[in-house]
Amino acid sequence: MVLYKLEDFEPSYKDSFDGHDIKGLGVYTQGTDEKVGTISDVLVDEEGHFRYLVVDLGFWIFGKKVLLPIGRARIDYNVDRVYTVGLTREQAEDLPEFNERQTLDYDYEERVRGVYRQPTDYNLGVEAATPLDPLAGLDPLGSPVTPLGTTPTYARDSYTYENEPALYGLNEQDHQTLRLYEERLIASKRRQKTGEVTIGKHVETDTARIAVPVERERVVIERVTPVDAGTAVSGYEADFREGEVARIEIHEETADVRKEAFLREEVRVRKVVDQDTVETQETVRREELDVNSGNLPIEER
């Protein structure tokens with residue numbers, strides 16, 4: 001059975017305890033509230049089950065660290081304390097010292113278990129082991145017990161921590177839990193379609209007018225009397241002939257209109273999100289604790 005330090009087994013172990021850290025909690029005797037020491041570490045098995053609390057006995061025995069089986073401890077995070085169940089100063093003195101460099105083998109754990117085992121535990125039927133002692137019997141519930149004045153014997157190769165719930169199981173009497181529940185409003189958002197906007201184009205026609213200046217040519221015939229009118233000319237100069245005398249080409253401009261497309265404007269389409277807050281209310285339930293103690297003193301922490 002290999003044991004690991006809690007932090008080596010699970011570096012983020014605090015997340016499993018809502019941010020609480022068991023290391024550093026004070027250790028007190030149950031009933032007398034005498035401080036024993038502090039928790040310096042936790043040892044877990046291969047499946048992560050708590051098996052031992054490493055207790056620094058600085059208030060009882062300076063400089064000595066010992067192992068406290070988890071079944072003999074009660075952790076109270078409300079007051080940041082760990083209470084030992086049945087640990088005495090004499091047992092603390094008899095416990096073998098814990099050394100991190102020492103191998104925790106079966107023999108070492110047996111020395112630890114031997115200190116914590118009390119014959120009365122087994123006669124009360126709290127031990128659910130199957131000891132090899134031939135004198136062992138059964139309690140009224142059918143659980144094996146060991147005769148008064150004797151301690152159980154286990155096989156090295158077949159021993160498991162489940163053999164001794166008095167040492168390694170959570171003591172239900174010291175760990176009773178009543179859970180109180182309450183209802184809370186959990187707000188979530190659901191996205192739904194409320195409509196759609198369709199954007200398209202259509203063509204409109206219109207009549208456009210444009211003025212184009214044009215030119216036309218025309219012939220102007222002017223008759224004038226020359227200065228030397230009435231002067232006699234020779235027969236050679238007088239050129240009498242019929243038919244075409246001159247040819248003049250006449251031109252005019254006409255409007256040539258064509259259509260050409262131009263970019264007029266851009267239309268950009270986008271969505272914006274408007275923020276708003278809606279409020280709703282609902283009836284929620286919450287459980288409260290009712291304590292009926294009669295005349296018995298009750299302390300609530």
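A salt bridge is a side-chain nitrogen of Lys or Arg within 4 Å of a carboxyl oxygen of Asp or Glu. The side chains of E196 and K193 meet this description, with 3.4 Å from N to O. The model discussed here is predicted. It holds 20 salt bridges and six aromatic pairs. The points below take up some of these contacts, then a pair of strands and a nonpolar surface patch.

**Salt bridges**

- E196 and K193, joined by a salt bridge, are both exposed.
- K5 forms a salt bridge with E100, and their closest N and O atoms are 3.1 Å apart.
- One network, made of salt bridges that share partners, joins E109, E110, R113, R117 and E164.

**Aromatic pairs**

- Among the six aromatic pairs is that of Y28 and Y83, whose ring centres are 6.4 Å apart; their planes stand at 45 degrees, so the pair is tilted.
- This pair links distant parts of the chain, as Y28 lies in strand β2 (residues 26-29) and Y83 in strand β7 (residues 81-84), 55 residues apart.
- Both Y28 and Y83 are buried.
- Y106 and Y159 make another pair, with ring centres 6.0 Å apart and planes at 70 degrees, so this pair is edge-to-face.
- Y106 is in helix α3 (residues 106-116) and Y159 is in the loop between β9 (144-145) and α5 (165-168), so their contact ties together parts that are 53 residues apart in sequence.
- Y106 is buried, because its relative accessible area is 15% and the cut-off for buried is under 20%.
- Y159 counts as buried too, at 4% relative accessibility.
- Ring pairs also link Y106 and Y159 with Y52, Y161 and Y168 into a cluster.

**A charge over a ring**

- The ring of Y28, already seen in the tilted pair with Y83, has the charged end of R81 over it.
- The distance from this charged end of R81 to the centre of the Y28 ring is 3.8 Å.

**Strands β4 and β5**

- Strand β4 (residues 50-56) pairs with β5 in the antiparallel sense, over five bridges.
- Within this pairing, V54 stands opposite L67 in β5.
- Strand β5 (residues 65-69) is largely enclosed by the rest of the structure, because four of its five residues are buried.

**A nonpolar surface patch**

- On the surface, V197, I199, V267 and V269 form a nonpolar patch.
- Together these four residues have about 450 Å² of accessible area.
- V269, one of the patch residues, is placed in the segment after α5.
- V269 counts as exposed because its relative accessibility is 56%, and the cut-off for exposed is over 50%.

How values were computed:
Residues numbered from 1 in each chain as written. Predicted model: local features only at pLDDT ≥ 70, side-chain atom pairs only at ≥ 80, totals over all residues. Heavy atoms only, no water. Phe/Tyr/Trp six-rings, centres within 6.5 Å; stacked < 30°, edge-to-face > 60°. Helix = DSSP H or I, 4+ residues; strand = E, 2+ residues; numbered from the N terminus. Buried < 20%, exposed > 50% of the residue type's maximum accessible area, 1.4 Å probe, protein only. Lys NZ or Arg CZ within 6 Å of the ring centre and 35° of its normal. Pairing = 2+ DSSP bridges. Patch = residues over 30% accessible without salt bridge, like charges linked within 9 Å, V, L, I, M, F, W, Y side chains within 5 Å. Areas by Shrake-Rupley, 256 points an atom, 1.4 Å probe, with all protein chains shown as cover.
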